[in-house]
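Let's walk through how to read a contact between two chains, and then look at one residue up close. Have the picture open while we talk.

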Amino acid sequence: MWKYIAKRLAMISIVIAGVTLVAFSAMYLAPGDPAEVIALARYGEDLSASQVETLRVAEGFDAPVHVQYMIWLGHLLQLDLGKSLVTSEDVLTEIRQKLPATAELAIASLLISLLIALPAGILGALRKNTLLDKSCMFVSLVGVSIPNFWLGLLLIWFFALTLHMFPSYGYGSLKHIVLPALTLGTSMSAVTARLTRASLLEVLGQEYIVAARARGFDERTILFRHALKNAFLPVVTFAGMQFGYLLGGAVVVETIFSWPGIGKLLVDSIFAMDFSMVQGCVLFIAVLFSLSSLAVDILYAVLDPRIRYDRRD
Amino acid sequence: MSSPLLSIEDLNISFKTSKGIVKANQGISLEVREEEILGLIGETGCGKTTLGKAILRLLSGKATLEGKIVYRGTDLLTLPEKEMRRFRGKEIGIMLQNPSACLNPVLSAGSQIAEIYRYHEGMGKKEAEKKAGKMLELVGISSSRGCEYPHQFSGGMLQRVMVAIGLALRPGLLIADEPTRGLDTDTKLQISELIAGLVRKENSSMLLITHDLEIAGRLADRIAVMYAGEIVEIGKVAEILSNPKHPYTLDLLHSLPGKGFRTVSGQPPSLVSPPSGCRYHPRCSFRLEACSQVHPALMGFEGERLTRCFLSEKGRINETAAQPFLNAQSALKCEEE
Amino acid sequence: MALLKVEGLKKYYYSGLFKKEIHRAVDGISFEIGRGKTLGLVGKSGCGKSTLGRTVLRLLEPTAGRVLFDGQDISGFKGSALKNLGTKMQIIFQNPESCLNPRMKVYDAIAEPLRLHRLCERDEERGRIQELIEAVSLSEELLFRYPGELSGGQLQRVAIARVLGMKPEFIVADEPTSMLDPLVQAQVLSLLKKLQTEYGISFLFISHDMQVVEWMSDEIAFMEEGKIVGFR
Amino acid sequence: MTEVIEKTEITEKAYLAEKRLNFGEFGKNRLAVSGLLLIAFLCILALFAPRIAPHDPLAQRLDSGLLFPSTEYPFGTDELGRCIFSRVIYGTRISLGIGLLVVAATSVAGTSLGLLSGYRGGLLDEVIMRVVDIVMAFPNIILALVIAGLLGPGFSSVVLALAFTQWPAYARLVRGQVLSLRKRAFVEAARALRPSSFYIMRKHILPNCMEPVIVLGTLEIAHVIIFASALSFLGLGIQAPDPEWGSMLKAGIPFLRTVSHLTFFPGLMIIFTVFAFNFAGDGLRDSLGQPADQEVLAR
C-alpha cells in the first residue's frame with residue numbers, strides 16, 4: 001500500500017506543478033496587454049501611457065514571460081500569492097478570510113446531499129423496478145437536469161420572497177445557510193443517489209452475493225456485511241469528484257446568494273480583471289481539489305484490500 | 001438399500017429470456033442417498049448448474065420451478081424463505097462455480113468462514129475465528145493465512161477455501177459445482193481427493209456436478225448423465241463407465257483424452273427449441289427412425305440402471321461399441337493403478 | 001533441417017522501483033521443431049509456457065536468444081519481412097470467447113488476413129472463404145453471424161479457419177481446447193491433426209493436460225519456472 | 001441478479017448474443033425513446049425557429065414591457081418588451097449549437113488521445129495522462145469560468161472554454177477501455193497478422209469502445225448545455241441581447257418578486273433540454289449494456 005501511496009504522491013506533485021503553469025498562463029488569455037488591462041481597471045478610462053508604463057515595471061510585466069513565471073513560482077514556494085492588482089490586499093489573506101464561508105457551505109451541502117442520496121439509492125437498488133424505485137430514479141434524473149442557479153432562484157422566490165421564511169442573501173446566522181446549502185445539496189444528491197443505486201445493483205448481481213445467500217444468511221446480513229462495503233467503494237471515489245462539483249457549484253450558488261466565499265471572490269475578481277487574485281483563487285481551489293483526490297485515493301486503498309495488499313503470485 | 005437423503009421428483013425449470021423460454025431442466029428425477037457421492041455429468045449449458053442452484057433455491061426470480069425437491073422428508077420448494085435459510089449451509093452446503101467470483105473480495109478468507117459460525121451458531125468473534133482457522137487447517141491451508149484476502153490466494157487455494165466454507169457446518173449434503181474447473185492436473189486431483197475424503201469422513205453425501213468424467217469416475221458411487229436439460233442415464237460408476245447404455249454417454253467416454261478422441265459431429269441443441277424426439281438423435285450414430293419422432297422415457301434397465309434410449313433394451317450399443325471401448329477402459333484402469 | 005530452431009530464448013520482466021525485481025518468465029530455452037511435426041509443451045499454469053509461445057512468434061520481444069525460422073534469424077526482421085512472417089507463423093488462443101472481434105462477422109474475421117496480406121483477388125475471396133469454412137467443417141450459414149452467436153467449439157474452428165487462410169507453416173496452439181467440453185475438445189483436436197497431415201503444418205502445442213499433449217505431439221517438452229526440464 | 005444466472009447458465013456466449021441484440025431493446029426502452037423524441041423536437045425548434053417564433057427575438061417595444069403571458073405573447077414579455085417565447089425558441093439554437101459543437105470536438109479529440117495513450121503506452125501515455133490529470137485537477141466549471149471570463153464574453157469563448165475542460169473525460173474513458181481490450185485475445189490475434197498499429201486501433205479497438213463514448217457524449221451534451229448557461233448566467237458567457245437562456249435568467253432576477261415568468265420559462269427550457277439528453281443517454285446506457293460506471297455518471 002505504501003508503494004501505492006508513494007506513487008500517488010509523486011503523481012500529485014507533477015499535477016500540482018502543471019496546475020501552477022495553467023493558473024499562471026490563464027492571465028495571458030485576456031486579449032491585449034495585461035498591464036494596460038490592469039491600468040484600465042485601476043485608474044479608469046482616462047489613463048496616460050506613462051501610468052501604464054509605471055504599472056508595467058511595478059508589477060514586473062516588463063520581464064520575459066518565463067522569468068515572470070519563475071518569479072511568481074518563487075513567491076509561491078514561500079506561500080506568497082502576491083497582492084491584489086486592484087485592491088492591493090494580500091491574496092492569501094483574502095482567500096483565508098473567505099475560506100470559512102465556503103467550507104461551511106460545502107459541509108452543509110454535503111450533509112444534505114448524503115442524507116437524501118444514500119437512502120434513496122439503497123432503497124432504489126433493493127426495491128429494483130418497483131414504483132418507488134422508478135419514481136426515485138425519475139425524480140433524480142429531473143434533479144440532475146435542473147441547473148443549480150435556477151433551483152437557487154426558485155428557492156429564493158418560494159422561501160424568501162413568497163413565504164419570507166429564510167433570507168434570500170447574505171451570511172451570518174444559521175438561517176442564512178439554509179437556502180444556499182439546500183440548493184447545492186439537492187442538486188448534488190441526484191447524481192449520488194443514482195451512483196449509489198447503480199453501484200449497489202452491480203454488487204447485488206455478483207456471484208458472491210448468491211454465494212452468501214447459499215450460506216443461509218438473511219438479506220439484512222448480506223446487505224450490511226457483504227453488499228454495502230463493496231458498493232460504497234465507487235461511491236467513495238465519487239465523493240472525491242463530488243468535492244470538485246461542490247467547489248464549482250459553490251461559485252454559482254455563492255454568487256446568487258451573495259455568500260462571501262471563495263467562489264464569489266473568484267467571480268468578482270474575473271470581472272475586475274484582478275489577475276493575481278484570479279490566479280490565487282484558481283490555484284487554491286485546484287490544490288484543494290487535488291489534495292482531496294489524494295485523500296480519497298488513500299481512503300480507497302485502506303478500504304479495498306486488493307490495493308492494500310499487493311497480489312501474491 | 002439406504003433411504004434417499006435428497007430426492008428430486010419431476011423437476012422442471014425454465015427461464016424467460018428475450019429469445020424465448022429456456023427450458024433448462026426438464027423432468028429431472030434424481031436421488032442422492034445417505035453417504036453417497038453422486039456425480040452429475042454434462043457439458044457446458046446442459047442445465048447441471050441450474051439444477052445445483054435450484055436445490056437451494058438460489059435461482060433468480062426469472063426462473064420458474066415445478067416439481068418436488070425433498071430433503072430428509074421436507075419439500076424445499078414449498079418452504080417459506082425464512083425456513084429455507086435453515087437448510088442453506090447448515091443442512092446442505094454448496095460450492096458454487098468459480099471461487100474467485102464467489103468470495104467477497106473485501107473480506108478476508110478467515111472472516112468469511114468465521115461469519116458462518118457467528119451467524120448460525122451464535123459464536124463469539126474469537127471462538128468463531130479459532131474454529132475458522134481449524135477449518136482452514138482441515139482443507140490444507142495454514143490458519144495463519146486466514147487473514148488474507150481472496151485475491152492473495154491461487155486458484156487451487158481458493159477452491160480449498162470454498163471447500164472449508166461448504167463444509168463449515170457439517171452439512172448432510174454438499175453440492176460441489178465444477179470444483180476442479182480451470183485447475184492444473186495435479187491440483188485437480190488433490191482438490192477432488194480432498195473433498196471426497198472430507199465428505200466420506202463426515203459420513204455426508206455429495207452431489208458432484210462436473211464435466212470431467214475422469215474426476216467423477218474416481219470419486220462417485222453413482223453417475224447421472226445430463227444432456228440438453230434431461231437426465232439421459234443413471235447408474236453405478238463401474239456400470240456406466242464400463243458399459244454405457246446411452247449413445248451420448250458412450251460418445252462422451254470416447255472423446256476423453258487418451259481414448260482416441262473419437263469425435264461426434266454437431267453440438268448441443270438450444271434449450272429454447274430442443275429437437276423433437278430424443279434430444280441426442282441429430283448427433284447419434286445409432287439413431288433409428290423413431291428417435292426423431294418419439295421422445296424416449298427414462299427406462300429402467302437392469303437393477304438400478306436407468307437409460308433414456310430406445311436402443312438400450314435391445315442392447316445393440318454393446319455389440320457395436322464394445323470393442324474399441326474396452327481398450328480405452330483398460331487404459332483408464334491401468335492408469336489408476 | 002528443422003523448420004523452427006529456438007536458441008537460448010529469454011524473456012525477463014522487470015518491475016519494482018528501480019527495475020530491480022526480475023521475473024524470469026522464459027529463462028534460456030532451446031528447442032527445434034521439424035517440418036510437419038508437433039512439439040508438445042507441458043507445464044503448470046504460471047510456468048511461462050504461454051509467454052514462451054508468444055516470444056517465439058515475437059508477439060513479445062525476447063530479452064535474449066535467437067529464433068531461427070527456416071534458417072533465418074527472425075529477431076532482426078522489420079517492415080515487410082516481419083509482415084510476411086505474419087502469414088507463416090501463427091497462433092491459436094485458449095479462450096474461444098475472446099479470440100474473435102465481437103464486432104466483426106465471421107466472414108470478415110476469416111477474410112481479414114486474406115485482405116491484409118492480399119492473399120487472393122477480390123473476386124476469389126468468397127470462394128476461398130467457402131473452402132476454409134468447409135475445411136474446418138462448419139456450415140456456411142455461420143459466415144454472416146457475429147461471434148457472440150457461436151458456441152466455443154465453433155469459435156475455435158473459425159479461429160483455425162482464419163489462420164489457415166494464410167497457409168501458415170508453423171502454428172503456436174496455446175491451450176486451444178482447455179476451455180472446451182470433452183466432446184468439443186475431441187472435435188477440435190482431431191481437426192488440428194487432420195489439418196496438420198493435409199497441409200504439413202508444424203505445431204508448438206501448449207497444454208497442461210498430459211494426455212492431450214501425448215496424443216497430439218511427436219515430441220514433448222516439460223517446462224518448469226521458465227526452463228525446459230526435459231524432453232520426451 | 002437475474003443476469004448472473006443467465007450468464008453462468010446459458011453460457012457467456014448466449015449472454016453476449018443477447019447483449020448485441022439490445023440495440024433492438026432500445027426501441028422497447030420507452031424512457032430512452034421519449035428522450036430521443038424530445039431531442040428531435042428540440043432540433044425542430046432550433047431549425048425552424050424563424051417560422052415558429054411569433055416575434056423577432058431582439059425587437060424591443062418599450063410600451064409593452066413586462067407583460068404577463070397572453071395569446072399574443074405566450075410567455076409574456078421582458079422589461080424591454082421583447083417576446084420571451086420567441087427568445088426562448090431562438091435560445092435553442094445557441095444552446096444546442098454550443099452543446100453539439102463542444103461535444104463533437106471534445107469526443108473526437110479525447111477519443112483519439114485516449115486511443116493513442118492506451119495503445120501506445122510508455123512515455124506518450126504518461127504525458128497525455130498527466131495533462132489529463134492537470135486539466136481535471138480544476139473543477140471543470142471553474143476552469144471554464146476563468147477561461148471564458150478572461151477571453152471575454154461571446155459564443156466562441158464559451159465553446160473554447162468548455163472544449164478545453166471537457167475533453168479529458170473521453171480520453172480517460174477510452175484509455176481504460178483500450179487497456180482492457182488490449183488484453184483480449186482477438187487483439188493479440190490481430191497483432192499476429194502484423195498490420196500497422198493504426199490498423200488495429202481503427203479496426204479492432206475503436207469499434208469496441210464506441211458504445212461508452214456514445215453514452216458519454218450524449219450525457220455530455222446535457223452537461224455542456226448546463227455549463228454554458230451557467231457561464232452566461234454569471235455574465236461570463238453569451239451576453240444580453242442574444243437570447244441565451246442563462247443570460248435571460250440573469251436578466252430576470254430583479255423582477256423575481258413580481259414577474260417571475262421572466263426567469264421561469266428560460267429555466268424550464270434548460271431543464272427540458274438537459275433532461276432530454278440525460279434521458280436519451282440513460283436509455284442508451286441501459287440498452288448498450290454499459291455498467292453505470294462513475295466515469296460516465298460522475299459529471
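Reading a contact between chains

Q: How many residues from chain D and from chain A does the contact take?
A: Keep in mind that this is a predicted model. The contact takes 58 residues from chain A and 47 from chain D.

Q: What area do chain D and chain A bury between them?
A: An interface's size is often given as the accessible area lost when the parts come together. Here, chain D and chain A bury about 4,700 Å² between them, with 81% of that on carbon and sulfur atoms.

Q: Which side chains meet in a salt bridge?
A: The count between chain D and chain A is one salt bridge. The partners are R194(A) and D282(D), at 2.4 Å from N to O. Helix 13 (261-287) is among the helices of chain D that each supply at least two residues to the side touching chain A, and helix 13 gives the most, with 12 residues. By class, that side of chain D has 34 nonpolar, eight polar and five charged residues.

Q: Where does H281(B) lie, and what is H281(B) in contact with?
A: H281(B) lies in the loop between helix 10 (247-254) and strand 11 (299-300) of chain B. Leaving aside neighbours within four places in sequence, H281(B) is in contact with P275(B), S276(B), R287(B), C291(B) and S292(B). For S276(B), the side chain of H281(B) reaches the backbone oxygen at 3.2 Å.

Methods:
Residues are numbered from 1 along each chain as its sequence is written. Chains are lettered from A and ligands numbered from 1 in the order in which they are written. This is a predicted model: local features need pLDDT of at least 70, side-chain atom pairs count only at pLDDT 80 or more; totals for chains, interfaces and linings use all residues. Side-chain values use heavy atoms; hydrogens and water are left out. Helices (H or I, at least four residues) and strands (E, at least two) are DSSP runs, numbered from the N terminus. A polar contact is a pair of N or O atoms within 3.5 Å; within protein, one must be able to donate a hydrogen and the other to accept it, and residues adjacent in sequence count only if both atoms are side-chain atoms. Contact means heavy atoms within 4.5 Å. Buried area is the accessible area (1.4 Å probe) that two parts lose on being put together, summed over both. A salt bridge is a side-chain nitrogen of Lys or Arg within 4 Å of a carboxyl oxygen of Asp or Glu. Ala, Val, Leu, Ile, Met, Phe, Trp, Tyr, Cys and Pro count as nonpolar, Asp, Glu, Lys and Arg as charged, and the others, Gly among them, as polar.
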